[in-house]
Amino acid sequence: ASLKKLAVDYLHPEVGVTSTDGAAFGRNYFNRASAPDVEDSELAEERAAILAEVASLKKLAVDYLHPEVGVTSVDGAAFGRNYFNRASAPDVEDSELAEERAAILAEVASLKKLA
C-alpha cells in the first residue's frame, strides 16, 4: 500500500501534498505574495539590450514592408537632392524610344517622298 502511494505521488504531482501532522509546516520565501521581485542586474541589462534590438529590427521590417510610408528626417542638416526628378533636370530619353523615334521619322520621310 505504501509503494502504491509513493507511485501515485510520483506520477501525479498535481495532486499536491497533504499533511496530517499539525507540527509540520513550512514557508516558501520565493513565491509568497510579499516577496520582493529580485532580478539580477546582468539579466536586466541583457533584457534591455534585447528589447532595444527587437525594436530596431521591427522598425527596419516596417520600413521594408511599407515603402509607401516614406522617409522622415528629423535632422535639419540632413538633406539631399534628387537630380533625376527635379524640374530643371534635362530630359533623358531611353535608347529604345530613341531608336523607335528614328525608325518612325525615317518611315515618315519615305512616305513623304512617295506622296
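A patch of negative charge on the surface is formed by D40, E42, E45 and E46 in this predicted model. Such patches comprise residues with over 30% relative accessible area and no salt bridge, like charges being joined within 9 Å; Asp and Glu count as negative, and the place of a charge is taken as CG of Asp or CD of Glu. Within this group, E42 belongs to helix α2 (residues 41–65), helices being DSSP runs (H or I) of at least four residues, numbered from the N terminus. E42 is exposed, its relative accessible area being 58% (exposed, over 50%; partly exposed, between this and the buried class, which is under 20%; 1.4 Å probe, protein chains only).

Two salt bridges were counted, a salt bridge being a side-chain nitrogen of Lys or Arg within 4 Å of a carboxyl oxygen of Asp or Glu. D9 is partly exposed at 39% relative accessible area, whereas K5 is exposed at 54%.

A salt bridge also links D63 to K59, where the closest N and O atoms are 3.1 Å apart. D63 and K59 are four residues apart in helix α2, a separation of about one helical turn. D63 is partly exposed, with 42% relative accessibility, and K59 is exposed, with 54%.

Residues are numbered from 1 along each chain as its sequence is written, and side-chain values use heavy atoms, with hydrogens and water left out. Local features require pLDDT of at least 70 and side-chain atom pairs pLDDT 80 or more, while totals for chains, interfaces and linings use all residues.

Methods
Patch = residues over 30% accessible without salt bridge, like charges linked within 9 Å, V, L, I, M, F, W, Y side chains within 5 Å. Areas by Shrake-Rupley, 256 points an atom, 1.4 Å probe, with all protein chains shown as cover. Helix = DSSP H or I, 4+ residues; strand = E, 2+ residues; numbered from the N terminus.
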